[in-house]
Amino acid sequence: MKMLIDPCPFCGSKEVNTVLTTSWKSYVICHNCEAQGPTASYTIETDAIVAKAEAITKWNDLEINVKFKEQNSWYLDQIENCIESFKTALQSKEKE
Ligand SMILES: [Zn+2]
């Protein structure tokens with residue numbers, strides 16, 4: 001079963017591949033912008049295919065995350081601002 005690797009979430013390139021390292025890890029790499037996906041590890045040779053599938057799944061999830069962040073950047077900024085002002089309020093309370 002060949003899994004479909006989504007295009008690079010950072011540059012949109014379809015020049016993406018799974019890589020197996022000598023240290024029992026697999027990840028997806030973009031040959032255009034050198035972006036690396038999250039790694040999946042394995043312990044026996046026969047599990048390499050499983051690790052590759054896991055690496056692809058993680059990579060494909062990454063794309064969703066980037067898209068989500070782009071589409072919701074305004075809301076995420078508001079949340080971050082809220083957290084910041086909450087922190088500031090807490091700090092000034094601690095000083096009292
Ligand atoms: Zn890329």
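Guide: We go from the order of elements to the overall dimensions, then to a helix and the core. Note that the model is predicted.

Visitor: In what order do the elements of the chain run from the N terminus on?

Guide: The order is β-β-β-α-α, with three strands and two helices in the chain.

Visitor: What radius of gyration does the chain have, against that of a compact globule of 96 residues?

Guide: The chain has 19 Å, whereas a compact globule of 96 residues would have a value near 12 Å. The C-alpha trace spans about 60 × 30 × 20 Å along its principal axes, and 15% of the 96 residues count as buried.

Visitor: Which residues of H1 are buried?

Guide: Start from helix geometry. An α-helix has 3.6 residues a turn, so residues three or four places apart point the same way. In H1, which covers residues 48-71, the buried residues are Ala-51, Lys-52, Ala-55, Ile-56 and Trp-59. Their cover includes strands S1 (16-20), S2 (25-30) and S3 (40-41).

Visitor: Which residues make up the largest nonpolar core?

Guide: In soluble globular proteins, nonpolar side chains tend to be buried together. Here the largest nonpolar core has seven residues: Tyr-27, Val-28, Ala-40, Ala-51, Ala-55, Ile-56 and Trp-59. S2 and H1 are the elements that give two or more residues to this core, and H1 supplies the largest share, four residues.

Visitor: What does Val-28 touch, leaving out residues up to four places away in sequence?

Guide: Val-28 touches Ala-55, Ile-56 and Trp-59, among others; the list also includes Ile-5, Val-16 and Gly-37.

Conventions. Residues are numbered from 1 along each chain as its sequence is written. This is a predicted model: local features need pLDDT of at least 70, side-chain atom pairs count only at pLDDT 80 or more; totals for chains, interfaces and linings use all residues. The expected span of a helix is 1.5 Å times one less than its number of residues. A residue is buried if 20 or more other C-beta atoms lie within 10 Å of its own, exposed if 12 or fewer, and partly exposed in between; C-beta atoms are placed from the backbone. Two residues are in contact if their C-beta atoms, placed from the backbone, lie within 7 Å. The radius of gyration is taken over C-alpha atoms; the globule rule is 2.2 Å times the number of residues to the power 0.38. A nonpolar core is a set of buried Ala, Val, Leu, Ile, Met, Phe, Trp, Tyr and Cys residues joined through C-beta atoms within 7 Å.
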